[in-house]
Amino acid sequence: MTSSSKNISTSPAYRIVSISVLTAVTAVFTLLIRIPIAPTRGYINLGDVAIFFTAFTFGPITALISGGLGTAIADLLSGYAQWAPISLVIHGLQGLAAGLIVRKHIIKFRQNADNTAESDEHREKGGRKILISLAAGLVGTIIMVGLYFLSGAALYGIGPAAFEIPGNIVQCVVGFVGGYMLTRAVVKAYPPVRDLFL
Amino acid sequence: MNTAVSVKDLQFTYPSYSSANSKPLFIDLEGVFHQGIIHVVFGRPESGKTTFGRLLAGLVPAFTGGSVSGSVLVDTIQVLETRGCHLLEHVGLVFQDPDEQILMAQVEDEIVFPLESMSLNRPQMHERLEAEISFWDLDDLRTANPGNLSGGEKKRLLLAVLCAINPAVWILDETFEELDEQWRDVLIKRAVESGRTVIILASKHISLYDLYVSTWSIIDNNQLFQCSRDETLQKLGDNWEYKKIHPSLPYISGDSQYQREPVLSIRHLSFSYPGSKSGSDFTLYVDNLDIYSGQITAFYGPNGSGKSTLSKLLCGLISPERGEILIPGKGGRLRHAAPGALQKYTGYLFQNPDYQIFLPTVKDELMYSLLQAGIEKSDARAQAATCGELFGLYNLKDTPATMSYGSRKRLQAAVCYQLDRICTIFDEADSGILLAEYIRIIDLFVKRESSLIIITHDLRLAEKLADTVVQFQDGRARKVEGRRKS
Amino acid sequence: MIESSYHEGDSFVHAFDPRAKLLLLITGITTLFLPFGVEFSAAYTGVFILLAIPAAGFRHAFSPFKLLLPLIILIILLTPPFFREGEVLITYRNWILLTEAGLMRTIVLIVRFTGITYAFFLFFASTPLNQVVLTLRWYGLPLNAALIVSMSFRFIPYITTTYHHVSDAHKLRGSYQTGMWGWSHIRGLLPVLTSVLIKSVKTIPVMAMSLESRGFGSNSKRTSYQRLRGGRILFTHFIFSVMISLIIIALPYVVA
C-alpha cells in the first residue's frame, strides 16, 4: 500500500500554485473590498486580512511572496504603480514576520495532534495560541505602519507620512482581527487546511 | 494489437476527514486499453471516472492524498511510481473543468508552456503553436486572457495544448459535453487521425461514439467492466425512466385541480451587457412571461443565450434596464417588485454548491438561516435534523467542505429549501449528480407547492419534467406550451 | 474592473526596449532624490509628463493627477508647519503659517512625488505586462518567480468571479447584506470571505495537478519561447539609456 497524504504541500508544483493563488487572493481582497478612509492612498482595504490569513495557514514563506506580490499587483492595477515596489517589500516582510512568529507554535501543535488525539492539553494551550497570534499581529502591524511611515517620509515628507499612520493602523488591526477570525473559520469548515502550513 | 495502458488490482481510497472512514473508490479494478484506437469509459456521477483519469496521468494520489495499491502500466512505465511531470509525453489529460486547468494569463503562453518543458527549440515550438492555433481557430484570441474566454473556447484551447504536446495516450474527461456539434466532429476526427490511444471519460452517451469508438467500458461498483456497447449502455441505465426511479412525481405536477396563479410576471424586460472585444453588446429582451405557482418551468438554451441573466433578474441580483418584474401583493394584485424584495422572494440554487458553504458542520449550515430568522435554538436543532433527513443528510456532524459533490449539492438544496421561497431557480442542478437524486430534490420542492424554474442544457429533461419550456436564443425567450403529459 | 495600466500604442516610448527603459526609470527616480536644485527636478518631471502624452495619449496622460491630487493637498497642508526657518511669508495673528524654507520644501516634495508617479506611469503605460516579466527575467528574476507572476494574473479574474458568485449566493441565503459600513461591514463579509477562501484553497491541488502534468518539476532543462528582441536595437537603446542617465546626473554640476 502506498500512502501519501502529508507530503502534498511540499511538492514544487503545489507550492508554486499555492503561492500564485494566494497572491491572486491578496490582490483581489486589496482591489475589490475597500472602505474609504485615508485620503493619500484613498481607502483601507482587506489586503492585510489576506496576508494574515496566509501567514497563519500557509506559513511565512508563502506569506512573504504572496503578501508582497499580491499588494504590489493591486497597486499596479489600480494606477498606484509607484507604490508597487514599496508594497512588495513592506507587505512581504509583514507576512513573513507574522508567519515566523506563529510557526513554531503551529508545528508543535500539529505534532502533538499527530501523537495524541484530542486531549485537554490542547484546550489549555488555546489561550497561549491567542497570545502568540496577537504577538504576530502586533509585530506585523509595527512593521507595516513603521515602514510605510519611513518610506512616506522619504517620498513626500514627515507631515503627510505621519497623517497616514492612524489609517494604516486601522487597516492593519482590521487585517489582523479579520485574518485571525477567517483562519479559525476556514480551519473549522475545511480541516485539510491544517496540513498546509510550512 | 499492443497494449497501451494496463491496470491491475487497482485499489484506491481517498483520505477521510470525518469521523467515519471513507469507503474505497476502486476495489481490484482491472482494465486493458489497446494502442491506437478510441475507447470510451462511462461512469455515473461520483463513480470515480475523473479520479481514474487522474490516476492514469500520475496525478493521484500525489495531489489528493489517499492510499493506493496495484499497478498502472502505461507503455512500460509504472505510473504509480512515477511523478506526473515525467509523463508529459506519455499521458495527456483534458480536465472536465477548464477553469481548473488553465494556468497562464495568455492563450499563446498556455500552449507553449508544456513545449518548453519538453525542451523543444524555438522553431519547433513555433511550428506546433501555429499549427494548433489555426486548427482550433484561436487566431483572434492569441493574446487574450484565457479567463475571459467562453466555455467552448476554453475547451478548444486545452485541446490545442493537448494536440501540441501530442502524447501517446489522450484522456478526455467529459470533453465532448462543452463542445458544440461542429467541434465535437472536429475533435473525434482529429483523435482518429492522430493514431493515438484515446480514452474518453463520459457520463452520457452521444451518437458520435457509435461511429468511432472501438471499445466500451463502464466504471460501476468500484470496478471497470469492459464489455460490448449494448451491455455497457444497459449498465449505464436509461436515465430517462425516471418514473421508475420516482413514481410519485407525475401526480404532483400533473394535478389539474390546483388553481394556478402567477407568482412572477415579467413585462417588457430588457437588460444588456457591454460587448466584449470580439462580439457586440448582448441584450436580453423578454416581452411577456408568467411563472405560475406549483408549476415547473424549464429554461432551455445554449450557453450565453440569456437564461442566467434572466434568472439573476428574477432573484434581484441585477436590476432591469427597462420593464419590470411583478409579484402578487396584498389581495393577490400584481405589483412591481424591487430587486431587494426579489432577493427575499426568489431562491436560487447556484450550479456550484461551494459558493455558500462556510460553516464547520452540516448542522450549523442547516441551523444558520433558522437562527437568523429568530427561531429558538432547540427548535432550530430539531428542524435542522428533520430537514437533513429529508435530503438524505444523516450525519449532521460531517464537514460540508470535505463531503462528496452529491452530498454538497443536497446540502445546498436543503439550505435553499429552508428559506421557503415562493419561487426557486435550479441552475443546471442536473449536472454532476445522479438523475434520481436530482428528481428527488425537485420532488421535495414540488410537494411543498413551490414554483420551480429549472435551467438546463438538456431538452429531453426539460420536456419530461416541466409544465412549460421557455427556449432561449440570442437573448430572446420563446415560450413553448406545456408538453408534460398529466 | 481588473484593468492593466498598459495603454496600447506605437509611440517611440512603446518602441523603446523595456530593459533600457527600466534602466532609465531607475536613474530617473534616483535623480529626483539627489540634492540638486528644484529647477532640475521640475524640468525632469516636466519631461516625464510631456512623454506621457505620446505614451498614453492626450486623454489619459493627465489621469495620474487625479490620484495625486489628495496627496498634493496633504503635502501643502502638512509640510510648512515643520519649517520655521527663513523669511516668514504668511502669518495669521501670531501664527507663522508659511516660511520660505517651508515653501521650498513643499515645492520640492510635490515635484518629486509627481516625478516618481509619472516615471512609473510611463513605464507601465508603454510596456505590456508580459514584457515587464520578460524584462525582469532578463535582469535575473528566477523562472519560478516569473511563473508565479504569470499565474497570479491568470487567477485574479478567476477569484474575482468566485468572489462575485459567492457574495450573490450569500445575499440570497440571507447571510450577507450590503449597505453596512465600518466594522459591521467587515463582520457581514466574514461568511463570504470564508467561502471564497475555502473555494480558493480547494482549487490549489487541482491546479497543481495541471502544472505537474504540463511537465513542471522534471529535471530536463526548460527552453523559452517568448523572448525580447536582442541584437543591434537593444545595443543602441542601451547606449542611449546610459548616455541620457549620465547627462541628467551630470547636467546640474555642469550648470553650477
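User: What makes B:Asp173 and a residue of E8(B) opposite one another, and which residue is it?

Analyst: In this predicted model, B:Asp173 stands opposite B:Leu201 in E8(B).

User: Where do E7 and E8 sit in the order of the open sheet of chain B?

Analyst: The order is E6-E7-E8-E3-E9-E10 (chain B), an open sheet of six strands with mixed pairing. As background, strands of a sheet pair through backbone hydrogen bonds, either parallel or antiparallel.

User: Why are some strands of chain B called edge strands, and which are they?

Analyst: They are strand E6 (91-94) and strand E10 (223-227) of chain B, and each pairs on one side only. From one strand to the next, the twist averages 20 degrees.

User: How do you know which helices pack on the sheet of chain B, and which strands do they touch?

Analyst: Contact is the test: C-beta atoms placed from the backbone must lie within 7 Å. Helix H1 (residues 49-56) of chain B touches strand E3 (38-43), E6, E7, E8 and strand E9 (215-220) of chain B, and its direction makes about 155 degrees with that of E7(B). Helix H7 (residues 229-236) of chain B touches E3, E9 and E10 of chain B, and the direction of H7 makes about 25 degrees with that of E9(B).

User: Why does the radius of gyration of chain B agree with a compact globule?

Analyst: With 486 residues, the globule rule gives a value near 23 Å, and chain B has 24 Å, so the two agree. The C-alpha trace of chain B spans about 75 × 55 × 40 Å along its principal axes. Of its 486 residues, 47% count as buried; the cut-off for that is 20 or more other C-beta atoms within 10 Å of a residue's own.

User: What does the domain assignment give for chain B, and what touches across the two domains?

Analyst: The assignment gives domain 1 (3-238) and domain 2 (243-480). Their centres, taken over C-alpha atoms, are separated by 33 Å. Nine residues of domain 1 of chain B are in contact with 13 residues of domain 2 of chain B. On the domain 1 side, the residues divide into two nonpolar, four polar and three charged.

User: What makes up the side of chain A that touches chain C?

Analyst: Here 47 residues of chain A are in contact with 51 residues of chain C. Helix H1 (12-32), helix H3 (60-77), helix H5 (120-156) and helix H6 (158-189) of chain A each supply at least two residues of that side. H1(A) gives the most, with 15 residues. By class, this side of chain A has 37 nonpolar, ten polar and no charged residues.

Notes:
Residues numbered from 1 in each chain as written. Chains lettered and ligands numbered in written order. Predicted model: local features only at pLDDT ≥ 70, side-chain atom pairs only at ≥ 80, totals over all residues. Helix = DSSP H or I, 4+ residues; strand = E, 2+ residues; numbered from the N terminus. Nonpolar A, V, L, I, M, F, W, Y, C, P; charged D, E, K, R; others polar. Domains from an automatic or database assignment. Rg over C-alpha atoms; globule rule 2.2 N^0.38 Å. Buried ≥ 20, exposed ≤ 12 C-beta atoms within 10 Å, placed from the backbone. Pairing = 2+ DSSP bridges. Axes fitted to C-alpha atoms, helices over the stretch in contact; angles between N-to-C directions.
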